[in-house]
Amino acid sequence: MRIDILSLFPEMFQGPFSESIVKRALQKGLAEIFIHNIRNFSTDKHHRVDDYQFGGGAGMVMMPEPVVAAIESLTSERKYDEIVFMTPDGEVFEQKTANHLSLSENLMIICGHYKGLDERVRQHFITKEISIGDYVLSGGELAACVVTDAIIRLIPGTLNDETSALSDSFQDGLLSAPVYTRPAEFRGWKVPEVLLSGHEKNIFEWRQQQSIERTKKRRPDLLNEDDF
Ligand code: ADE
């Protein structure tokens, strides 16, 4: 998979993509990430990328020209499965969207800044608008890191057995069961007996029950009425 990220602050991506699972996927050649500085596509002599909003109001708006020039330079090279815009008024990002996007060959992710992106670019070039939650970040960069990480870990070959995505929270619509490691007793607190029993069926049922209980308590919105 190839992911192209368009941003006004490309330096913000240095850390998140050079550690852990994303780093491993990049090293294994399972994914490629290219960061593009939108400012480099400005033809303005001061390399301006934002301007006042028509109609007045606080906050600058990202100008259409540099963003569209960046998009078109990439779309002239290859076809993109989705051109995503990170914005707090997009659809809220969920595991099912990550699953869907992880099947892409080429993805483009555009990070918004300031008051937003000129609406005409959104209407004519963007195919998907994603928010990572009901709060406002300073820009789309951190949100793009979240989305990229969630997608890349799903590419087959990225995770090994120990980190398998199948038992992740949300993957089956439930939160994960609690996990324990050695020692079996820590400061007098014991690991649930069933996990030490070696009895696979009982362990499976215990985990299932714990997942349901945890989901009921913390995220009842994820359960159907029949699950109660
Ligand atoms: N840009 C600013 N806030 C955001 C959010 N919550 N999700 C995605 N992009 C954003």
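Predicted model: local features only at pLDDT ≥ 70, side-chain atom pairs only at ≥ 80, totals over all residues.

The answer below begins with helix H5 and then turns to other parts of the chain.

Author: Helix H5 covers residues 141–152 and has 12 residues. From its first C-alpha to its last, the helix reaches 16 Å, close to the 16 Å expected at 1.5 Å a residue. Of the 12 residues of H5, 9 are buried, so the helix is largely enclosed by the rest of the structure. The buried residues are Glu141, Ala143, Ala144, Cys145, Val147, Thr148, Ala150, Ile151 and Ile152.

Domain 1 of the protein chain covers 2–152, and domain 2 covers 169–227. The centres of the two domains, taken over C-alpha atoms, are separated by 37 Å.

A cis peptide bond, with omega about 5°, joins arginine 182 to proline 183. As a rule, most peptide bonds are trans. With a relative accessible area of 39%, alanine 184 is partly exposed. Alanine 184 and leucine 196 are 12 residues apart along the chain, and 8.3 Å separates their C-alpha atoms.

Aromatic rings come next. The whole structure holds 2 aromatic pairs. One of them is formed by phenylalanine 13 and phenylalanine 17, whose rings are stacked at 5.8 Å centre to centre, with 20° between the planes. Phenylalanine 13 has a relative accessible area of 3% and is buried. Phenylalanine 17 counts as buried too, at 9% relative accessibility. The rings of phenylalanine 186 and tryptophan 189 have centres 5.9 Å apart and planes at 55°, so this pair is tilted. Phenylalanine 186 counts as partly exposed because its relative accessibility is 46%, whereas tryptophan 189 counts as exposed at 57%.

Some backbone details complete the picture. Most residues other than glycine have a negative phi. Serine 20, which is not a glycine, has a positive phi of about 60°. This serine is found in helix H1, and serine 20 counts as exposed at 55% relative accessibility. Tyrosine 114 has a positive phi as well, near 55°. Tyrosine 114 is found in the loop between strand E6 (106–111) and helix H4 (119–125), where its relative accessible area of 36% makes it partly exposed.

Leucine 30 belongs to the loop between helix H1 (20–27) and strand E2 (32–37). Its relative accessible area is 24%, so leucine 30 is partly exposed. In sequence, leucine 30 and arginine 2 are 28 residues apart, while in space they are 8.8 Å apart, C-alpha to C-alpha.

How values were computed: Residues numbered from 1 in each chain as written. Heavy atoms only, no water. Domains from an automatic or database assignment. Helix = DSSP H or I, 4+ residues; strand = E, 2+ residues; numbered from the N terminus. Expected span 1.5 Å × (residues − 1). Buried < 20%, exposed > 50% of the residue type's maximum accessible area, 1.4 Å probe, protein only. Phe/Tyr/Trp six-rings, centres within 6.5 Å; stacked < 30°, edge-to-face > 60°.
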